[in-house]
Amino acid sequence: MSTWTAQRLGVHAGVSGRPAHLEDGDFVLPTYVVREHDTRVRRYLTEAVDRGQSLLVVVRGESCTGKTRTMFEAVQATVPDFDLFFPSGPDTLRAALEEGVLGTRTVLWLNEAHEYLSGTQGDATAEALLRRLDDDTPLIAIATLHPHQYDKLTARPATDGSAPHRSVMLLLHQARRVNVPCSFAEHLEAVRAHAAHDSSLAAALESGTPEITQVLAAGPDLVDRYENPSDINGVYAQAVITAAMDLHRLIAVSKVPLKFLRAAAPDYLTDAQRAAADPGTWFNSALDSASVLVKNVAAPLERVPQPTGMGRLPGVVRLADYLQQHGHIRRSIVFPPRSFWEAAHDHLTEPDDLTALGGAASSRARYQVASRLFEQAEHRGGRAAWLGLTWLWQEAGQREQAEWEAQQAAEAGKPGALRWLARQRALAGDHQTAQCLNQQAAEAGDADALEELAWQRWPGDIAAAEELALRAAEAGASMGMVLLGRIHEKTGNRPEAIEWYRRAVQVNDAETDALASLVPLLEEAGDHEGAQEAALQADTVLGSPECLEPLVEWREDTGNHQRAEAAAQFEAEAGAPRALELLARLREQRGRQADAERLARRAADADGPEALLWLAQRRRNSGDADAADQLYQYALDAASAQSLLFRAYEYKRNGDREEAERLCRVLAAGQPAAIALLAELREQVGDYRQAEQLYQRAADAQFPEAMAWLAQRLEEAGDRDEAEQAVLAALGVDENDESVTDRLKWLVERREESGDREGAEQLAKRGLDAGADDALRWLAEQRQESGDLQGAQLLYEYAAQDGHSFGQYGLASCLAKEGNRQAAQSAHLQCVNAGYWLADRRMAAFLGGEEGQRMMRYGLELDGSPCAPWHRGERDWPSVTALPLAGNEGRKGY
């Protein structure tokens, strides 16, 4: 870590706070102010290192809130002597993971993690990282993501029409997630204390806003320079920057080609502005203006360094982070103009980018634009762009056109096209044609089609199934190999079956059918170590104990006690002591108490205290208190607090309050969650005084459920302001905690029902600003149902401005009820332009009649009016009317 500077790792420089004539141009790193999220990140890192476990931490936050600085300071504070690997791109990361070069005591640095996990190779990268994190050698991985990028990567279904990335979702869902707040409102005193000795912080405080990190990174100044150009070159720069914003928000490119920007900019300008431009110099003047450093910190358009070595990457620029976020918010409901799409078609060279942009146009009902982009992606070598076309026409209800696109792809030899056609015919009930198409695909060497046909023949026609499965296996299809294993197993050739299952696992190490089949075969063949290895691998992939525990139990039941123990120990050494706990219970139930205690202790040593606690309870129930205490103490000393807390929750769920309390009292010294659970248990038995004291302790330790409980108590005691502060503070810790969002909604309901409409509105809005939308959504719906359309409309508008789809849909509903059909249609169009899921169908239903049908079949023109009938291959772009430039003229009426 000592060789890596904050600047090299992507930390934004800060404003210097010094007079311009005293600035020396050096990288400014302001004094760091530690907040609650920092404590959590550092605790996660420390615990992982202490336990020798792998860890992925995802730090989420808006642009310029300090995500990267949070990671930098956490790593410096907890693992300063670790190696650090900062891959230059997804290919470098995958190569490092596949070659096994990331050893123990290494930090994997994934700043802007979407650049590694997006695109067609994102799933492969996530799979490789998942395998590495599951490895025996510990690895610390730490990543940053914007909230909208996180939502897009974990969305199901994907809003751009693409298939969800399963492995990316699994990776991100298993990570420790930490949110970085935008505001320092609760820490301004600490900022002021440091500002006495730090001119950067002093300058940030002078702005008067609690968003300190954004000011330090010159974010508001960047927006001001963009939105208020001082001369004609600034106007041209604004057009170029806006085109970069639109490209980034639609497909999240990290590098924007200059040729694209030059061609895209004209339709972002007025006729007069274009007429005044010098064709030979305007673009360079615009780039010069957009490349000027603001506050000597950041420029709107930044140079991109070479992936390795020195110098800049020619022909591309990068849009400043803060302007990326600004574009996502301010231009989310604007559809880019004609020149943008023509420029993308002509100057984007990566097939994946063109395919993704086609998906973005398609999900916004611009089918003609999408068709041309998919076609261009095919022309540039994209192998799967035809899928975008078929999806487009399916969404439009034009099945014949979708099948025609797939037929064209099949005639061009595109992998999977014949199989897609077969699946569609099968869904339509035409199984004979489906079978013929699958046969054609198989004859063309489509491994998946061969696999599918082989399994259809099994078990009725074993010879045909075997012939097809062999061809599929030769093409590398793992399920074809699994079928060959099944065939040989059925015919009694077990050595050959084992060989095929092993080959399937070599091709696909997540092939659970092969792994599960290997376990009994290897066990019967005497390869006991191989059997337990296959069982553990299958359980790891499945995420549940479906193979190894039955193997342990079978060995135990058949008298192979030593092998049963070996298999259980094998799993424990891999970090999962469940089989040891199972074996301890089995031996206890069969009267082998000493063995049971020995195995339970080994499980506790591997962080599995359940069996030992169960034994302690049995000893206590039988009257052997001393033995119970010894076993109980061993579990407390050996297992992690997290595992013990999990057991306490289990006891509570199972109705064993006494055991739950016993554990909580032991854990309460260092676990706010244990304190809160103990408070809940005391509350259940009517001990309200102690419950309140415990809730207060947990709230003081920033445990969100306790903070929410405290908010309710303060409200009931009449201290409304303190109640609101408590629930908002809890949202700052975890805006997704259901107990917190429920308390917020309860507070809003109380204000609304008591007639304090303004108080309800303000609290709901503050909740939305903190990341919780349930309360404001409820309030808007209540007012709409009660007939207060104006009040509901104001709330929906507030939500819409923050990018919430329910706000835009609610606004459209209110406008329609008012009879303002034109404004309601405009609101529906804004939902379509934002790419909200099913927005096109809602708008078509709103339009109704011939217009709605035409929209569903042919999509929209660039200006949002329903398209006239058109056919693929028409060379002209759809029509367009003038669109606003910066997206800051108000959100209605585009």
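**Getting to know the fold and its rings**

Student: Phe 340: buried or exposed?
Tutor: The model here is predicted, so local features need pLDDT of at least 70 and side-chain atom pairs 80 or more, while totals for chains, interfaces and linings use all residues. Residues count from 1 along each chain as its sequence is written, and side-chain values use heavy atoms, with hydrogens and water left out. Buried means under 20% relative accessible area, partly exposed is in between, and exposed is over 50% (1.4 Å probe, protein chains only). Phe 340 has a relative accessible area of 0%, so it is buried.

Student: How many aromatic pairs does the structure hold?
Tutor: Rings of Phe, Tyr and Trp (its six-membered ring) pair if their centres lie within 6.5 Å. On that rule, the count for the structure is nine.

Student: And what kind of pair do Phe 260 and Phe 340 make?
Tutor: Planes under 30 degrees apart are stacked, over 60 edge-to-face, and the rest tilted. These two ring centres are 5.4 Å apart and the planes sit at 85°, so the pair is edge-to-face.

Student: How many residues apart are those two in the chain?
Tutor: Helices are DSSP runs of H or I with at least four residues, strands are E runs of at least two, and both are numbered from the N terminus. Phe 260 belongs to helix α13 (residues 258-264) and Phe 340 to helix α17 (residues 338-347). The pair links distant parts of the chain, and the separation is 80 residues.

Student: What kind of pair do Trp 282 and Phe 283 form?
Tutor: Trp 282 is buried at 12% relative accessible area, and Phe 283 is buried too, at 4%. Their ring centres lie 5.5 Å apart with planes at 70°, so this pair is edge-to-face.

Student: Which residues do ring pairs link into a cluster?
Tutor: Phe 260 is one of them, and it is buried with a relative accessible area of 0%. The cluster is made up of Phe 260, Phe 335, Phe 340 and Trp 341.

Student: Zooming out, what radius of gyration does the protein chain have?
Tutor: The radius is taken over C-alpha atoms, and the globule rule is 2.2 Å times the number of residues to the power 0.38. For 894 residues a compact globule would come near 29 Å, and the protein chain agrees with that at 31 Å.

Student: How much of the protein chain is buried?
Tutor: The chain folds into 49 helices and eight strands. Of its 894 residues, the buried share is 52%.
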